[in-house]
Amino acid sequence: MSQSPDTSRILSVPALTRVEGETALRLRIHDRTVTEARLSIYEAPRFFEALLRGRAHTEPPDLTSRICGICPVAYQLSACRAVEDACGVDVDGRLARLRRLLYCGEWIESQTLHIYLLHAPDFLGHDDVIGMSRSEPAHVRRGLRLKQTGNAVVELLGGRAVHPVSVRLGGFHRTPTRTELRPLAERLRVALDDAWDTVQWVAGFDFPDAECEADLLALAEPGTYAIESGVPTVVPYDATHPAWSFPLRTFCDHVTETQVPHSTALHSRLDGRRHLTGSLARYAVSGHLLSPTALEAAAAAGLDDPPLREGRDGTGPGTVCRNPFRSILVRAVEVFYAVEEALRIITEYERPASPYVPVPARSGVGHGATEAPRGLLYHRYAFDGEGRVTDARIIPPTAQNQGAIEEDLRRSVQAALDRGQDAEAELTRLCERVIRNHDPCISCSAHFLDLNLETACPHPTGPA
């Protein structure tokens, strides 16, 4: 759609459909310059943190899992880690490995959901996975098999595939036997081939050029690709600055939340700067700790060598992948790694002597963080002498990523306008793709945006 040099335009989406929550989009363009990009979350606050006050110390894991039906394990285990930290309990050994196995299941099913049902249709010219299934039936069947395998892992360990009921403070209400895990291992062996084929498939997509101008934040755990624990670690956007870490207990000193007029969700900043969590951040921080086979898959897919290998500080020859369109590649590699890791844990599995360690209540403050599929999820709880919650703080990855998403929208639309691409349909598709790159808790996929275009008359420049 053409426009005169002095035209002001407002691109307004009053309701984004098929997203996890209620969201609107507003872009303001003046003289072919994007002057404002707002991702407005207008859903009524859910008050989970307030609802937790006064609850017993045993309740946050089950209550917070209801925040998300796609990533309930992330909320359960982040809550467990925070409460256990406050109570001075460290869950390690076999129980910790079982938690990692459970989390691998969630990574497999959630990342696969995004890759196949939400993101891939954008690269293949389809409106949704229904259309994609007609021309790419084998690929869709493979995606469904992978997701079902992830669901099976969560169901076996958690008691059910959504909002697991077997997780508790200190471990599980019940742990599986080796015999019960054997059929799961068989499914995972098939899934390993499917995951490898997924990496090869998405590597063939055409990726537009783009760069996310934000610091990258993810957990780091010595010797392993961090999933269920770790230390917050930052890879700055400025490549001349080395990566750095900070203690989890100081998370809220670095990641600060503010209320913005256009959203009921809090926006986060990392020491005053935009930051991004999720697959791109994890790969930048811990990509060198992927398994050799997963690294081989990443290299075959054309991903850059992760920078933080031993002996390097992030300023060496390794390159951070900052193209959000290529995040689907990293997610595919993470699915492969999660399948491989789940198989390893099952192969080495010995049933714990007890399904949990006691976590007696006491007064104190605890911090917990894990890597949800969409990024770093932080919980903080304070307890009184009877073990009742007196204060709760939950900072989810999507809230942390909103600033980076808005900036990506601004930059992407600006680049399109500079190329002369200003038609409504083109801008609609572009906005859809930019938002989907970050997987902001989308529950299912079809048409993502219905874009309405308003043209506002500019102020007169001369006499009437």
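A pocket, found on a 1 Å grid over the protein atoms alone, is an open set of points with protein on both sides within 12 Å along at least five of seven lines, and its lining residues have an atom within 4 Å of a point. Grid points are joined across faces, edges and corners, and a volume is the space filled by probe spheres set on the points.

This is a predicted model, in which local features need pLDDT of at least 70 and side-chain atom pairs count only at pLDDT 80 or more, while totals for chains, interfaces and linings use all residues. Residues are numbered from 1 along each chain as its sequence is written, and side-chain values use heavy atoms, with hydrogens and water left out.

**Figure 1. The second largest pocket.**
The volume of the second largest pocket is about 710 Å³. Its lining is made of 30 residues, and Phe 325, Glu 426, Arg 429, Leu 430 and Arg 433 lie nearest the centre. Two or more lining residues come from each of the elements α4 (93-124), α12 (397-418) and α13 (424-437). Helices (H or I, at least four residues) and strands (E, at least two) are DSSP runs, numbered from the N terminus. Which element gives the most to the lining of the second largest pocket? That element is α13, with nine residues. By residue class, the lining of the second largest pocket has 12 nonpolar, six polar and 12 charged members. Here Ala, Val, Leu, Ile, Met, Phe, Trp, Tyr, Cys and Pro count as nonpolar, Asp, Glu, Lys and Arg as charged, and the others, Gly among them, as polar.

A cavity is a set of grid points where a 1.4 Å probe fits but cannot get out. How many cavities of 30 Å³ or more does a search of the whole structure find? The search finds one. The largest cavity has a volume of about 80 Å³. Residues lining the largest cavity include Leu 276, Thr 277, Pro 324, Arg 331, Arg 374, Asn 401 and His 438. Helices α9 (279-286) and α11 (327-347) each supply at least two residues of this lining. The lining of the largest cavity divides into three nonpolar, seven polar and two charged residues.

**Figure 2. Cysteines listed by UniProt.**
An unreviewed UniProt entry lists Cys 68, Cys 71 and Cys 441 under "binding site". These residues are spread over 374 residues of sequence but cluster in space, with a largest C-alpha distance of 8.9 Å. UniProt positions are given in the numbering used here, feature names are shortened, and annotations may be inferred rather than shown by experiment. The unreviewed entry also places a "binding site" feature at Cys 71 and Cys 444.
Cys 71 is in the loop between α2 (60-65) and α3 (72-86). Buried means under 20% relative accessible area, exposed over 50%, and partly exposed in between (1.4 Å probe, protein chains only). Cys 71 counts as buried because its relative accessibility is 4%. Apart from neighbours within four places in sequence, Cys 71 is in contact (heavy atoms within 4.5 Å) with Glu 106, Ser 110, Pro 373 and Arg 374. Cys 441 is in the loop between α13 and β15 (452-456). With 16% relative accessibility, Cys 441 also counts as buried.

UniProt, in an unreviewed entry, places the feature "binding site" at Glu 49, Ile 394 and His 447. From this set, His 447 is part of the lining of the second largest pocket. Glu 49 is in helix α1 (residues 48-52), and Ile 394 is in strand β14 (residues 389-395). Is Glu 49 buried or partly exposed? Glu 49 counts as partly exposed because its relative accessibility is 26%. Ile 394, at 8% relative accessibility, counts as buried. Leaving aside neighbours within four places in sequence, Glu 49 is in contact with Ala 392, Arg 393 and Ile 394.

**Figure 3. Surroundings of Cys 252.**
Cys 252 is part of helix α8 (residues 251-254). Not counting residues up to four places away in sequence, Cys 252 touches Tyr 378, Arg 393 and Ile 395. Cys 252 and Arg 393 are 141 residues apart along the chain, and their C-alpha atoms are separated by 9.3 Å.
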